[in-house]
Structures are given as C-alpha cells and as structure tokens.
Amino acid sequence: MHAIIGAGIGGLTTALAFEKLNIDYQIFEKSENSNAVGAGIWLAPNALKVYEWLGILEQIQQSGNAINRITVTDENLDHITDSAQSEAVQKFGFSTVAIHRVALQKVLLDNIPQHKIHWNKSLLKYEESNDNIHLFFKDGSTTKATHIIGADGINSEVRKQLFPESKIRYSGQTCWRGITSHNIDSEFNHRGIEMWGDKIRFGLSKVSANQTYWFAVAKSEAFQKDDMENLKKELLKKYKNYHSVVTSLIENTSIDNIIRNDIIDLKPLKKWYSNNVCLIGDAGHATTPNMGQGGAQAIEDAYFLANSIANGDNPFKKFQDKRFKKVNSIVQQSWYTGKIAHMGIGSGVRNFIFKSMPKSLIDKKMNEVYQLG
C-alpha cells in the first residue's frame, strides 16, 4: 500500500492517478476535514492535460474561469507584455483556468472513494523495516505501508525526516490574497493580469462568474503580522497610485477574505526520494508563485509518478529523472522573476526591455512550460 501523506492538490491528484492505474493507496491528512483555505490558483494547460487524462477536466472548467489573455502591465494597466492564449488553445486544446482552491479541492474529493481518505492524521514519524514502513500519527494511531508519498507541502514532516538538511528560503516578499464578489468591468472577465510598480505588484483574475481573485505583493521582513482593523487602509495607501480597479477590489473585499503569506520556496534538493519514500509537489520542490506553476508542477508530479509506478522497477528514480530538470528550471526562473518584478530604481528600464521582447519568444517560453513533461 502506498501511503499518501497530505490531501492538498498534489496528494489528491496523485490519489486520482493511482485510482486510474489501480495502484493501492490510502491518504492521510492532518486536517480534521476538507477545510481548504486560500484564494485563487491558475491551472495552466500542462495541469489541465493531467485532469483531462483523469477524466475530470470538464468539472474543473465548469467550476473555474477560462483565462484567454495573460498580461503584465505597469500600475496604470499600460501593457508590458500581452499574450493571447489562442496559440496555447491551438496547441494544447485549452487555455489556462483560474479557480478557487476550495472549488478545485471539492472536484478532486468528489472523485476519490471517501473510505480511502483518513482525516485528522498528522504524521509524527515513520520507521522503515524490511519491506514495510511503520507510520506513527500524533493521535496515537499507527499503520503500515510499502511506500510513502510525501505530499504534505513546504513544511513537510516527511521531508524533515527524509532530508533534515533541507532549507526553506524567504524571498523577501510577502503576499496578501483576497476573494471578492464585487463586480468589475467585463474586460477583465477572461484575463489574468499582473501589474508591476515600484517594488510592489498586484494581480487579478476572475475565478468564477461572480468571484474575483486578487493578490498584492510587497517587500517585507519575514513573519510580520497585520493589524486587521487597519489592514485595508494600509493596502489602499500602498496601492494608491495603481489603476482604480485595484483600489476598488481592495475596498470591496471582506477583511475575513484576505489572507497573508510570506513568499517562500525550498532550496533545491539533490534528490526527492530515498529507498521507499518519495516527495512530490511543494514537499520536494516548492517554488515561488511568480510563474503560476506551483500547483501545476505538483499535478504533473502525480501523473508521472503514477505512470512510473505502474510501469515497473525503480519508479522513484524514473520519476525524478523525468521531472528534475524542468522543475528546477521553473523554481529558478520563478525566483528571479520575483526579484525583477520588484525592482525600484531601474523599473523603467525593466519595463522597456520586457516591452521590446518579441512575442514569439514569450510564447515559446510559455509553451515550454505548458508542455506536459
């Protein structure tokens, strides 16, 4: 039995892939129930290809919102780069889908046999002996498995035991994310927009017919706490020079629907597995969100890991060999994109350089990321 630790996007997608390929598994999740938190997530064509293979693409498309244009602008919505997704649709069959994380998790959970998911199972430790692995949970319960799939996120308990030298990196930036039902102009209905200013940025996209997801990123010391009574006032002050759609979204978002997270990633590991334990998604290669590929790479992991297991010997090695180069390239690109996006002095030059980039080059880079592999 494969024990999947974590019922986030990566763990649930892995379960669906195991289900499709008749691989024995059980999921163990530390939360008491399916109380997904967060805001929006973009699912690029590489992620959607996996969900097409799993037979749930239509459910996800119906629960989210198609993004037909991805635009980087300055704070006044003047274009820096602008990429219609028509080429992606032609090549891959669909464009990016923006969806609320809660809606995505519901689709995934609805397609998994509920008796295979065990809630309130926070992993304490595991012990390997012969062909079995003993798992010990904080509630005092235990179980046995032949393999462990660590899908328990950037603060992975599996990784802490497997690779105790692993290190989380703070980017120097923090992010506020919000969801609102406030109506915005119809020109934003199927666009994903990121606005670059002077050391701050703001992004938005609709995640359903009546919900808009936004994020605001700024440089900050780590582990800071917000004064919730004054948070919206502080954000409005910080983004006062941005286009009116920005202040309108902030003003019309309930404070209960705004969350803050420091932007972190995982210093790249030399390997993701040892013996019969393997890491996937953020547990093994967490990336900053600057390329919109964190969730997508966990979803790709699920596809390639399941197929490697189904196809025979040394599956964890085959999985890593297939994924390592692409994943590490995305982690590195995303890290440096975040640094570039937050330039102060020189931001005008930055914008000019990006404006001057041929569209063909931008589309080529995008298509490389969108390719499932």
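A search of the whole structure finds three cavities of 30 Å³ or more. The model is a predicted one, in which local features require pLDDT of at least 70 and side-chain atom pairs count only at pLDDT 80 or more, while totals for chains, interfaces and linings use all residues. Residues are numbered from 1 along each chain as its sequence is written, and side-chain values use heavy atoms, with hydrogens and water left out. The structure also holds 15 salt bridges and 12 aromatic pairs.

**Cavities and pockets**

- Lining residues have an atom within 4 Å of a point.
- Grid points are joined across faces, edges and corners, and a volume is the space filled by probe spheres set on the points.
- The largest cavity holds about 40 Å³ of space, and its lining consists of Ser171, Gln173, Thr288, Asn290, Ser334, Trp335, Gly338 and Lys339.
- Strand 13 and helix 11 each supply at least two residues of the lining of the largest cavity, and helix 11 gives the most, with four residues. Helices (H or I, at least four residues) and strands (E, at least two) are DSSP runs numbered from the N terminus.
- By class, the lining of the largest cavity divides into one nonpolar, six polar and one charged residue. Here Ala, Val, Leu, Ile, Met, Phe, Trp, Tyr, Cys and Pro count as nonpolar, Asp, Glu, Lys and Arg as charged, and the others, Gly among them, as polar.
- The second largest pocket has a volume of about 260 Å³. It is lined by 14 residues, of which Phe223, Gln224, Lys225, Arg260 and Asp262 are the closest to its centre.
- Strand 13 (168–180) and strand 17 (258–266) are the elements that give two or more residues to the lining of the second largest pocket. That lining comprises six nonpolar, three polar and five charged residues.

- A salt bridge is a side-chain nitrogen of Lys or Arg within 4 Å of a carboxyl oxygen of Asp or Glu.
- Lysine 326 and glutamate 300 meet in a salt bridge at 2.7 Å, N to O. The pair links distant parts of the chain, with lysine 326 in helix 11 (residues 315–341) and glutamate 300 in helix 10 (residues 294–310), 26 residues apart.
- Lysine 326 is buried at a relative accessible area of 14%, and glutamate 300 is buried at 0%. Buried means under 20% relative accessible area, exposed over 50%, and partly exposed in between (1.4 Å probe, protein chains only).
- Aspartate 301 and arginine 323 meet in a salt bridge at 2.9 Å, N to O. This pair also links distant parts of the chain, aspartate 301 being in helix 10 and arginine 323 in helix 11, 22 residues apart.
- Both aspartate 301 and arginine 323 are buried. Salt bridges that share partners join Glu300, Asp301, Arg323 and Lys326 into one network.

**Geometry of helix 10**

- Helix 10 has 17 residues and reaches 25 Å from its first C-alpha to its last, close to the 24 Å expected at 1.5 Å a residue. The expected span is 1.5 Å times one less than the number of residues.
- Glycine 312, whose phi is positive, near 120°, follows helix 10.

- Lysine 121 and aspartate 139 form a salt bridge at 2.8 Å, N to O. Lysine 121 lies in the loop between strand 8 (117–118) and strand 9 (123–129), and aspartate 139 in the loop between strand 10 (132–137) and strand 11 (142–145), so the pair ties together parts that are 18 residues apart in sequence.
- Lysine 121 counts as buried at 19% relative accessibility, whereas aspartate 139 counts as partly exposed at 42%.

**Aromatic pairs**

- Rings of Phe, Tyr and Trp (its six-membered ring) pair if their centres lie within 6.5 Å; planes under 30 degrees apart count as stacked, over 60 as edge-to-face and the rest as tilted.
- Tyrosine 213 and phenylalanine 215 form a tilted pair, 5.9 Å centre to centre with 40° between the planes. Both tyrosine 213 and phenylalanine 215 are buried.
- Phe202, Trp214, Tyr239 and Tyr242 form one aromatic cluster.

Terms used. On a 1 Å grid over the protein atoms alone, a cavity is a set of points where a 1.4 Å probe fits but cannot get out, and a pocket is an open set with protein on both sides within 12 Å along at least five of seven lines; lining residues have an atom within 4 Å of a point.
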